[in-house]
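My notes follow in the order in which I worked.

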Amino acid sequence: MLGFNLKQLTGVGIFLFMIFIGVPFAIGVTGRWDFYFTLTSVALLAIASAGVWLTFYIGRINIGQGAFALIGAYVSAILVVKVGWSFWISLPAAGLFAAVVAILIGLPILRLRGVYFAMITLVLTQVVTLTALALPITNGARGISNIPLPSGISLFGIPILPDFVAMESTKLAFYYTACIIMLLTYAALYRLVNSRLGHLCRSMQQNEELASSIGVNISYIRIVIFAISSFFGGLGGAMFGSIAQSVYPSSFQVADSVNFMLNCFLGGLGYVFGPMLGTLVLYFGWDLLFEFGKYQMLIYSTILIIIIRFLPNGLLSIRFSKGGDK
Amino acid sequence: MQRRTLMKAALTAITMTALQATTALAENTVLKIGFVGVTSGPAAAWGISNQRSMEARASWINETGGYTIGGTTYDIEIVSFDDQKDPKRAIAGMEKMAQEGIHYVVGPNVDDGAAAVRPVAEANGIMYFPYAFPKSLYQAPASNAVLGMVANYQSGPAIYKYLMDEKGVKTVAFIAANESDPLSQRDGGVEAATALGMEVVSANVTYQVDTTDFTPVLTPVMRSRPDLLVLSGVSPANAPQLIRSARELGFQGVISTETAQDAGVLAEGAGDLANGFISVGGASTPELASPMMNEFVQRYTDMFGEYNDESNTKVYALEYILETLKADPSAITDVDAFQAIMDTFEAPNPYMNGDAKLRYVGMSSFGQKRQVSVPLVVNVYQDGEFKTLFVAEVD
Amino acid sequence: MSPLLQVKNVTKKYGGLTANNAISFDVAENEILSVIGPNGAGKSTLFKMIASFTPTTSGEVIYRGERISNLKPHIVARKGVVRTFQETTIFKSMTVHESVVVAQHLRAKASLAGYFWGSKTAKEDVAAFGKYADELLEFLGMWDIRNEQASNLPQGSLRALGIAIGLATDPKVLLLDEPFAGMNHDETMNMVDLVRSVRDERDVTVMLVEHDMPAVMNISDRIVVLNFGEKIAEGTPSEIQNNEKVIEAYLGSVDDEIGM
Amino acid sequence: MEQILANGVYLGSQYAMIALGLTLIFALMNVLNFAHGQMYVIGGFVTYTFYGHWGVPFILALVMSCVTLAILGALIERYLFAPVIKGSAREESTMLLAAGIAFFLDAVILLVFGEKQRGVPKIVDGVFNWDFRLIMPYDRILICVLAILSIVAFIALMQYTKTGRALRALAQDRTAAQLMGVNVDRYSMIGFALGAMLAGLVGGLLVTITGVNLGMGGATSIKAFMMVMIGGAGVISGAIWGGIILGFMEAIGLALLYQYGDITYLVIFVSLMIFLAVRPQGLMGKPWG
């Protein structure tokens with residue numbers, strides 16, 4: 001079925017069960033309600049990280065995802081607050097807008113490789129932050145606050161998407177929403193990587209010259225991939241804006257861009273689900289170390305260094321010594 | 001294989017320690033007060049001075065037998081969360097506070113964090129005391145945020161008025177870091193100065209927070225020859241460098257800011273060039289500091305090795321929370337009761353000489369009492385320490 | 001019958017240096033044509049221009065009456081002119097079979113979206129690619145190593161893999177960059193046979209750049225000789241062997257070659 | 001005009017020094033050292049502690065900064081970067097390590113040196129003032145001269161000493177250097193130590209003017225990256241040019257665009273992006289670094 005074997009299907013089943021039933025159950029039993037937000041964040045950041053991972057897949061180090069997350073957050077906020085759109089429509093619009101920006105910026109900069117591409121995307125993050133500070137439509141330094149919660153959508157009287165305003169607690173709703181979007185993102189990513197497009201990406205990652213000599217239009221595929229990557233970034237950013245009900249120029253900045261990249265490294269560049277695991281460990285790990293107070297950062301960074309020292313190819317390289325994405 | 005076992009062992013050990021660390025302190029009932037702010041990274045100074053002043057005060061209370069509210073004596077425990085100046089983390093921090101059953105939180109330190117935690121705070125019944133100035137945080141329908149200090153749009157006019165009257169200042173130039181908080185404060189300052197009839201000769205110049213040389217930044221400002229140079233929302237790290245560059249460029253006028261500064265940092269970074277620099281402080285200048293303030297400074301210094309004058313303004317939030325809870329003990333778990341009593345609450349200000357009062361204000365700025373009334377103490381730096389220039393009240 | 005591919009007055013200048021100066025020759029359908037010359041004669045640059053990896057400064061390359069110079073490499077490949085590289089240019093972390101499957105990009109009928117959603121055409125394509133890759137590897141005698149990772153292959157097999165990748169695109173003209181370099185006599189002779197069978201059985205016109213003179217003389221129908229960016233001779237192997245200019249050029253550069 | 005030039009030279013010389021260390025490490029090991037800024041901050045704090053706090057002569061304090069950072073750099077290379085480079089499938093993985101080290105050093109700086117801005121007494125008093133056309137405090141002039149001297153000394157070291165030649169060989173082609181008998185492991189360590197030492201040196205020099213605080217690290221790293229990219233990654237002369245160009249861009253940008261305030265840096269960043277898009281390998285870099 002769909003080319004999955006039984007083992008994979010079981011794995012997916014367990015995973016689905018875990019995030020949709022296991023986690024809420026565990027939280028209910030332990031009473032750690034605060035983990036909902038942390039895990040929601042993990043899901044959203046994992047969406048953006050998936051985009052970064054995809055650009056790694058064509059051999060580009062992307063430190064610009066913060067820029068697209070910020071663009072997504074602002075587009076959604078502006079559409080909801082100033083234009084009056086429903087959040088649910090603004091969400092894909094935010095992703096698409098980020099993708100369009102990525103296409104325009106990608107045309108000139110995707111020719112760059114290695115550290116040069118990394119650097120130019122890092123600068124891009126700063127450019128977008130500074131632009132948000134300078135533009136009137138983003139409200140400059142004052143940001144956009146008091147963004148309403150997502151309202152419901154119904155078609156012919158049947159509610160399709162729930163109304164968050166009417167809810168007692170939005171935690172669970174946001175958690176499920178974020179998880180569903182994350183699952184869709186990773187399903188799409190998995191499909192893409194294992195389809196012909198993914199194979200072409202791999203050929204480009206390994207040798208762009210040879211790829212173009214076998215007739216691959218490398219600049220076109222680079223743009224497509226960068227646009228998809230930024231679409232994911234825009235989605236994640238827009239969702240965050242909705243949870244925080246506010247967006248500021250500093251909502252996503254260079255540190256976020258760097259973190260998105262680190263999530264990919266930590267999980268493992270060779271594994272589709274690497275960025276998801278990397279995000280979980282990096283983000284959730286910080287929260288778990290909360291009790292250490294002023295030593296939190298020290299312990300966090302020490303663990304990070306130890307992991308990379310002994311598992312330089314990412315966490316997932318423990319289990320699958322080769323080719324986990326196949 | 002061996003490697004994996006090792007890692008597993010290490011992770012287990014860490015998790016165990018993390019779980020144990022929460023076990024309680026002493027025989028008194030524990031009252032937890034939260035702090036969500038930035039205590040690592042570039043802006044660590046803001047949050048750390050905040051957190052330390054709370055911890056110094058809490059340990060002082062606990063050492064002297066605890067704090068009695070409605071017949072029960074509590075030990076105060078400060079639960080701190082480092083949000084790394086990231087609004088996403090700040091939300092997680094506020095969630096963590098809710099998880100710990102905390103209803104009173106000091107922080108966050110910056111505008112975006114304060115705005116981001118609002119939904120969580122309101123949903124979970126948490127009163128929080130941000131050090132952020134956007135009015136929308138404190139105006140209805142927002143209900144749970146209480147401004148923990150004097151806002152720049154309140155202190156600015158008082159300082160400008162004083163300087164106009166006493167020093168004959170007529171023209172003013174503003175300079176701010178290119179970040180949300182300072183830019184907002186600059187805009188507020190420009191508005192206030194214009195309203196007072198001052199001529200704003202330069203207000204567009206900004207600098208990146210990572211600037212290491214302010215001479216090129218300040219040169220065009222100096223060319224506009226203002227009587228007063230306002231460093232809007234300046235961080236303690238940048239203030240001495242800005243002062244030094246301005247003076248070295250030959251600036252003769254007055255330099256002021258509306259944020260709190262540390263005398264030691266100014267002395268090290270700008271030396272005598274900082275003489276005459278006007279900033280906003282708490283009440284630790286010798287003329288105003290009560291014996292309790294002096295003891296607080298002493299205890300803080302003993303605990304952390306060095307005092308930070310920024311903490312003067314940050315000691316109040318905790319005191320307000322505790323005093324207000326004392327006024328209505330039911331507020332310990334009931335934020336509505338807290339909000340109800342805020343309107344009438346009044347208690348003596350223990351940190352200041354004279355008959356200053358702790359009470360909530362903000363009617364004229366926010367339309368509801370959502371600000372602590374701390375004395376607006378305007379300091380002037382002179383030879384390594386602050387002297388009180390004048391004291392005003394905010395309504 | 002008009003020639004399959006024409007190189008017309010092609011010139012390439014890098015700053016003040018002239019890598020190729022007004023080079024012209026024709027390539028007939030189904031021939032094996034070698035481009036030889038001492039080091040630095042401009043052979044590789046010429047290949048790059050034919051495959052549009054670098055633009056010409058002036059002049060043009062015509063393939064079946066169409067200009068193919070100064071386009072993008074993937075467009076030229078789509079028209080049927082495909083270049084292979086020296087052995088380091090492969091897809092390192094793919095297996096031999098995967099490489100050959102990927103290289104059939106130009107044979108795809110389904111769109112990228114079709115592949116993503118798994119359309120019927122896409123499924124047919126995938127099956128066809130696998131089958132053709134099997135066939136091709138069988139033909140090239142690489143069946144046994146089809147599941148080896150490319151980075152683990154010995155040099156000789158890498159060269160064959162390069163040709164396999166090139167052939168997988170269904171080329172009409174295959175440009176081989178030093179296919180015999182670093183091989184011993186037996187390996188070279190196997191390769192010569194292989195290249196010949198590619199031409200004979202798959203109707204592919206082959207152009208190659210090579211240093212190995214005996215192999216070139218053995219395999220080529222015709223030879224073009226470059227020296228210092230100029231064409232100095234063109235003809236059958238026996239004509240070239242007796243050409244004064246060629247002998248002079250090679251003798252003159254012997255020192256350099258040894259000096260390397 | 002004179003003022004802009006002077007500001008440019010001053011900024012450019014200090015920037016160039018920061019970029020030199022970063023580019024050296026990049027050239028030798030293909031590591032983009034995210035922790036470079038933190039090393040710079042540590043250099044500043046060490047000089048602060050010795051000179052500002054304990055009253056040791058400035059030059060001695062500066063030497064202490066260099067020594068501390070050289071040791072730190074050597075240890076980091078030997079025990080962290082070298083094994084990770086050997087074990088990783090893609091060499092970019094070192095970025096995660098570098099970022100982890102940056103976090104770690106940030107945490108250490110906070111715990112050891114505290115959160116406050118620190119400054120040291122001026123090493124020279126007074127301001128050079130040429131009729132208000134050119135104003136430059138004497139300590140800045142001194143630091144600028146010292147920075148330029150250090151750069152010259154560094155270039156001389158790279159050109160004329162055995163170590164320098166070995167490092168250059170290593171930067172050009174690792175395998176070839178190995179074949180030529182260069183002890184690659186040893187010189188990688190020396191090179192990394194040297195790069196870290198440069199960060200410490202410039203941190204120690206600048207603490208006399210700008211002071212130092214733990215927040216400067218990340219920002220400094222990013223600036224250094226930009227300079228390295230402008231000049232071309234892994235090229236010594238490129239780093240120097242990159243530093244000078246960014247210094248002048250700031251000096252000129254701030255002088256010309258001041259009335260537009262908020263967008264000065266936006267313009268600088270956007271023009272940097274355009275420059276790199278047009279010239280993807282920087283001014284003098286080899287393509288693809």
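**Domains of chain C**

I began with the domain assignment of chain C, which gives domain 1 (1–80 + 172–186 + 206–260) and domain 2 (89–170). Such bounds come from an automatic or database domain assignment. This is a predicted model, where local features need pLDDT of at least 70 and side-chain atom pairs count only at pLDDT 80 or more, while totals for chains, interfaces and linings use all residues. Residues are numbered from 1 along each chain as its sequence is written, and chains are lettered from A and ligands numbered from 1 in the order in which they are written.

I read 28 Å between the C-alpha centres of domain 1 and domain 2 of chain C. The contact takes seven residues from domain 1 and seven residues from domain 2 of chain C. Two residues are in contact here if their C-beta atoms, placed from the backbone, lie within 7 Å. On the domain 1 side, α2 (73–79) and β7 (173–177) of chain C are the elements that give two or more residues. Helices (H or I, at least four residues) and strands (E, at least two) are DSSP runs, numbered from the N terminus. I sorted that domain 1 side into five nonpolar, one polar and one charged residue. Ala, Val, Leu, Ile, Met, Phe, Trp, Tyr, Cys and Pro count as nonpolar, Asp, Glu, Lys and Arg as charged, and the others, Gly among them, as polar.

**Confidence in chain C**

I then checked pLDDT, the predictor's confidence in each residue, from 0 to 100. Chain C has a mean of 87, and 95% of its residues reach 70 or more.

**Chain A and its partners**

I took chain D next: 41 residues of chain A are in contact with 41 residues of chain D. On the chain A side, α4 (87–109), α5 (114–134), α10 (254–267) and α12 (296–310) each supply at least two residues. The largest share, 15 residues, comes from α5(A). I logged 30 nonpolar, seven polar and four charged residues on this side of chain A.

Towards chain C, 20 residues of chain A are in contact with 24 residues of chain C. Here α7(A) gives the largest share, seven residues. This side of chain A divides into seven nonpolar, nine polar and four charged residues.

**Helices and loops of chain B**

I followed α3 (residues 87–99) and α4 (residues 111–124) of chain B, whose axes come within 8 Å and cross at roughly 30°. That makes α3(B) roughly parallel to α4(B) (the label covers angles under 35 degrees). Their contact divides into nine nonpolar, two polar and two charged residues.

I noted two cis peptide bonds. One joins B:G107 and B:P108, with omega about -10°. B:P108 lies in the loop between β4 (104–106) and α4 of chain B. Another joins B:A140 and B:P141, with omega about 10°. B:P141 sits in the loop between β5 (127–129) and α5 (152–167) of chain B.

Notes: Axes are lines fitted to C-alpha atoms, for helices over the stretch in contact, and angles run from 0 to 180 degrees between N-to-C directions. Angles under 35 degrees count as roughly parallel, over 145 as roughly antiparallel, 65 to 115 as roughly perpendicular and the rest as oblique.
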